[in-house]
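Student: I would like a close look at a single part of this model. Here it is.

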Amino acid sequence: MIDRLLGAPEFNIDDPMAAFAHVFAALPADVTVYPTENYFYFTFAWSGMEFAGNMRLDVADRDDGVLHFAYFNKNEPWNVEILSNYRPLTEKEGVKVDRIDDLLYAVTYDGKTVRFQLNDLRDVEAPDSVVSEGDTLLGPTFDESGIPFFLVYNEPRKAFLFVLDETEPLNDVLLPYNEDHPALTVGTRTGFAFYEDRFSPEARKILVGVHAGNVEANNYFDGPFDQLPDNFIPGEELRDAITSKYPELDGEIDRLGAFRSQDGRFLVNPYINYRFPGELEQFLRCGDVALDEEKFYACLAPVEGQ
């Protein structure tokens, strides 16, 4: 760490193109973009500080030759954001984006070309247990934490769910909240909290909480709200789900939930942000065997605005 800080380069940190040139020069010829909203994340050191950022090949405009670039000083509990820069880059800035295949793009700048392979989940099939009665499978997602999910919408309950994809080995260890409530588990690495769905044939695990400190730090464990299955939603399924839950948004968002009249995107986060583990105790009541199916799922749902 010290060597990295002492060897940090000198360039104008307020100049997005200087920052981009530094980051791009460090990339290998081929990179894999794992998160399903197509963010390629990076960090670098500058003047004794750690910076973080991303390059994004957004499904909305990557075929128009746009690469989105953002960077900022890393948030920690003891500091504040002193710098945040964003710029969409095109051939006007000397950045050329070429589509090679559906999920493969070449980015060229200053004589160097890097191939960006986007995460191809087109062949991922959800087990039958992931989709229950009334559910619509919106697609597979891959979070920047390395945890895969399936995004599901239940029309009768007007509820979104992130269901853990257990078809591959899990790169986390889920420990029971306590011995008396094994259905509630928390990831030791990610802090993601899951509740086992007893009304699903194979007890699917539903995401019910992420740690608030990670959300505030905007780090890799801030939850899958920003990694929707953009590449794998061919039509209006996501917009239909959002407007089913919030009819007032009909005409206000595009097919992927981006607002038409302002920056930003509809937030799909059907889980709580907990600061202390004790806040997860609200889900212990979901283990009451007297709860019928409707009341069980209502128990798992976060309070609106939480």
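Student: How many helices and strands make up the secondary structure of the chain? Then take me into the largest nonpolar core: which residues have the most contacts inside it?

Tutor: This is a predicted model, so local features need pLDDT of at least 70 and side-chain atom pairs pLDDT 80 or more, while totals for chains, interfaces and linings use all residues. Residues are numbered from 1 along each chain as its sequence is written, and side-chain values use heavy atoms, without hydrogens or water.

The chain has five helices and 16 strands. These are DSSP runs, numbered from the N terminus: helices are H or I with at least four residues, strands E with at least two.

Now the core. A nonpolar core is a set of buried Ala, Val, Leu, Ile, Met, Phe, Trp, Tyr and Cys residues joined through side-chain atoms within 4.5 Å. Buried means under 20% relative accessible area (1.4 Å probe, protein chains only). The largest core holds 35 residues. Phe20, Phe44, Met55, Tyr71 and Phe116 have the most contacts inside it. Helix H2 (16-25) is among the elements that each supply at least two core residues, including strands S2 (39-46) and S3 (49-56). H2 gives the largest share, six residues.

Zoom in on Phe44. Leaving out residues up to four places away in sequence, Phe44 touches Arg4, Phe11, Ile13, His22, Val23, Met49, Glu50, Phe51 and Tyr71. Contact here means heavy atoms within 4.5 Å.

A second, separate core has 24 residues, including Leu164 and Ile233. Across the chain, buried residues make up 48% of the 306. In soluble globular proteins, nonpolar side chains tend to be buried together.

How values were computed:
Buried < 20%, exposed > 50% of the residue type's maximum accessible area, 1.4 Å probe, protein only.
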